[in-house]
Amino acid sequence: SIHKEMESEKLHEFKNSVAKLREIAEQQNLASVRVSHMMKRDSHTVKPILREAIREKVDMIILGTKGASGAREVFIGSVAGEVMENASVPVLAIPEDAVFDGKIDRLGITTEFSDEEVRVLDKALEYAEFFDAEVFCVNVDLNHVEFYRQAQPKWEDRYKDNERIHFYVVDGDSLQKPLSTFV
């Protein structure tokens with residue numbers, strides 16, 4: 001049947017992708033990093049990803065974003081965006097046509113400058129140290145209030161000894177356009 005042929009083709013593509021990823025890991029001297037690959041048939045996508053991430057105790061979720069040409073498509077209304085919003089670990093979203101030059105230069109984090117986010121920011125700085133990258137911490141001020149502009153210097157002071165981190169507050173009526181422009 002056509003359905004079984006499609007499933008067989010998907011499984012074949014998956015196996016080829018796994019082999020290619022292992023080859024890249026070996027070329028980059030990363031063969032010792034434990035990577036889990038799985039293919040599941042499920043009518044929902046986001047919940048199984050989040051569930052498996054917890055079950056496997058992953059450090060990071062890496063997702064491809066098919067058809068996403070800009071930040072708006074990645075963040076809003078996509079599987080990657082929903083995973084980012086609900087995951088308890090960092091999520092790396094990679095656009096379909098992205099070309100990797102072998103280095104992660106910049107990490108982006110959205111913030112509301114709340115005390116609960118310090119742990120997340122500290123984790124991002126650990127990744128930044130590992131990758132020798134910079135961290136761009138961005139707040140989109142939707143309500144046009146002074147709170148965020150006043151909170152930004154406090155956070156800058158908290159991390160004043162770390163040259164990797166940069167803080168920004170941008171105005172906007174929604175998250176999509178200001179974040180897309182910033183990215």
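Just after H2, Lys57 takes a positive phi of about 55°. Most residues other than glycine have a negative phi. The model is a predicted one, in which local features need pLDDT of at least 70 and side-chain atom pairs count only at pLDDT 80 or more, while totals for chains, interfaces and linings use all residues. Residues are numbered from 1 along each chain as its sequence is written, and side-chain values use heavy atoms, with hydrogens and water left out.

| Residue | Phi | Location |
|---|---|---|
| Lys57 | about 55° | just after H2 |
| Phe113 | about 55° | loop between strand E3 (106–110) and helix H5 (118–131) |

Helices (H or I, at least four residues) and strands (E, at least two) are DSSP runs, numbered from the N terminus. Is Phe113 buried or exposed? Phe113 is buried, with a relative accessible area of 5%. Here buried means under 20% relative accessible area and exposed over 50%, with partly exposed in between (1.4 Å probe, protein chains only).

Back to H2 itself, which covers residues 46–55. Its buried residues are Val46, Pro48, Leu50, Glu52 and Ala53, and they pack against strand E1 (61–65) and helix H4 (79–86). Contact means heavy atoms within 4.5 Å.

How do H2 and H4 meet, and at what angle? The two helices pack at an angle of about 40°, with their axes 10 Å apart. Axes are lines fitted to C-alpha atoms, for helices over the stretch in contact, and angles run from 0 to 180 degrees between N-to-C directions. H2 and H4 are therefore oblique to each other; angles under 35 degrees count as roughly parallel, over 145 as roughly antiparallel, 65 to 115 as roughly perpendicular and the rest as oblique. In the contact, Val46, Ile49 and Leu50 of H2 meet Val79, Glu82, Val83 and Asn86 of H4. By class, that makes 5 nonpolar, 1 polar and 1 charged residues, where Ala, Val, Leu, Ile, Met, Phe, Trp, Tyr, Cys and Pro count as nonpolar, Asp, Glu, Lys and Arg as charged, and the others, Gly among them, as polar.

E1, the other partner of H2's buried residues, has side chains that alternate along the strand. Thr65 stands opposite Pro95 in E2.

Now for the other strands. An open sheet of 3 strands has the order E3-E4-E5, with parallel pairing. E3 and strand E5 (165–171) stand at the edges, each with a single partner strand, so one side of each has no neighbour in the sheet. From one strand to the next, the twist averages 25°. E3 and E4 pair over 5 bridges, and the bridge partner of Thr110 in E4 is Val138.

Finally, the whole protein. Its secondary structure comes to 7 helices and 5 strands, and from the N terminus on the elements run α-α-β-α-α-β-β-α-β-α-β-α. Buried residues make up 28% of the 183 residues. Among contacts between residues at least 6 apart in sequence, 70% join residues at least 24 apart.

Conventions. Pairing = 2+ DSSP bridges.
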